[in-house]
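Work through these exercises with the structure in view. Try each task before reading its solution.

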Amino acid sequence: MPPGAAVPDTPGVLVHLCGADEWIRCRALGSIDPAPGSPFLHLSTPEQVHLPANRLYRGRTDLVLLHIDPKRLDAPVRWEPGVPTDPDSMLFPHLYGTLPVSAVFDVTDYRPATDGTFPPARQGAGGDST
C-alpha cells in the first residue's frame, strides 16, 4: 500500500467480475480460487468495477457481477493499488484466499454500453439475475 494511503472502511458489498459460464462452474465447485500463480482474487467496489472491466473485458456481453457480503468471507481482504492508469490513491480489495459461493448473495448481468464500455455498477440496482 502506498505510504500514507488510508485503508477504506470495508463496504457492505464487494463485487467480483466473471463470465456467466465461469460462475456456473464455480457454483458447482462451491468456491472460486485465485487464478493460478496469483495469491489473491480480484474484487472491487460497485463504484470502481468499471475500471478493470473496461481494461480487461471491453465489449464482452457475457459478464456477471457477483455481489459479495464481506462478513461471509473467511480469508483476509487487503486494500491494494491497482494499475498505474487507475485514479491516484485508489485501492482495490483483494481476497487472499478462496471465495465461497455462500458469500455471494446476488448475481447480476453486467453489460457494456453500445460503444463497448462498462459504466460503474449501481449498487442494489437489481438487474437480470443469473
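Buried means under 20% relative accessible area, exposed means over 50%, and partly exposed lies in between. Keep in mind that this is a predicted model.

**Exercise 1. Classify both partners of the salt bridge between aspartate 86 and arginine 55.**

Step 1. Find the contact. The two side chains meet at 3.0 Å, N to O. A salt bridge needs a side-chain nitrogen of Lys or Arg within 4 Å of a carboxyl oxygen of Asp or Glu, so the pair qualifies.

Step 2. Aspartate 86 lies in the loop between β5 (77-81) and β6 (91-95). Arginine 55 belongs to helix α2 (residues 50-56). They are 31 residues apart, and the pair links distant parts of the chain.

Step 3. Apply the cut-offs. Aspartate 86 has 6% relative accessibility, so it counts as buried. Arginine 55 has a relative accessible area of 37%, so it is partly exposed.

**Exercise 2. State how many salt bridges the whole structure has, then examine two further pairs.**

Step 1. Take the count. The search of the whole structure finds four salt bridges. Side chains of opposite charge can pair when their charged atoms come close.

Step 2. Look at aspartate 69 and arginine 72. Their side chains meet at 3.5 Å, N to O. Aspartate 69 is buried because its relative accessibility is 19%. Arginine 72 reaches 38%, so it is partly exposed.

Step 3. Turn to aspartate 109 and arginine 111. The closest N and O atoms of this salt bridge are 3.5 Å apart. Aspartate 109 has a relative accessible area of 22%, which means it is partly exposed. Arginine 111, at 39%, is also partly exposed.

**Exercise 3. Sort the aromatic pairs by the angle between their planes.**

Step 1. Count them. There are two aromatic pairs.

Step 2. Take phenylalanine 40 and tyrosine 96. Their centres are 5.2 Å apart, with 50 degrees between the planes. Planes under 30 degrees apart count as stacked, over 60 as edge-to-face and the rest as tilted. This pair is tilted.

Step 3. Locate those rings. Phenylalanine 40 sits in the loop between β2 (31-32) and β3 (41-42). Tyrosine 96 is in the loop between β6 and β7 (99-100). The two are 56 residues apart. Phenylalanine 40 is buried, because its relative accessibility is 15%.

Step 4. Return to tyrosine 96. The charged end of arginine 78 sits over its ring, 4.2 Å from the centre.

**Exercise 4. Work out the strand order of the open sheet and find its edges.**

Step 1. Read the order. Three strands form the sheet as β1-β4-β8, with antiparallel pairing. Strands of a sheet pair through backbone hydrogen bonds, either parallel or antiparallel.

Step 2. Find the edges. β1 (14-19) and β8 (104-109) each have a single partner strand, so one side of each is left without a neighbour in the sheet. From one strand to the next, the twist averages 25 degrees.

Step 3. Count the bridges. Six join β1 to strand β4 (residues 63-68). Five join β4 to β8.

Step 4. Glycine 19 has leucine 63 as its bridge partner in β4.

**Exercise 5. Decide how well β1 and β4 are covered.**

Step 1. Check β1. Six of its six residues are buried. One side carries Leu14, His16 and Cys18, and the other Val15, Leu17 and Gly19. Both faces are covered.

Step 2. Check β4. It is largely enclosed by the rest of the structure, because six of its six residues are buried. Leu63, Leu65 and His67 point one way, while Val64, Leu66 and Ile68 point the other way.

How values were computed:
Residues numbered from 1 in each chain as written. Predicted model: local features only at pLDDT ≥ 70, side-chain atom pairs only at ≥ 80, totals over all residues. Heavy atoms only, no water. Helix = DSSP H or I, 4+ residues; strand = E, 2+ residues; numbered from the N terminus. Buried < 20%, exposed > 50% of the residue type's maximum accessible area, 1.4 Å probe, protein only. Phe/Tyr/Trp six-rings, centres within 6.5 Å; stacked < 30°, edge-to-face > 60°. Lys NZ or Arg CZ within 6 Å of the ring centre and 35° of its normal. Pairing = 2+ DSSP bridges. Axes fitted to C-alpha atoms, helices over the stretch in contact; angles between N-to-C directions.
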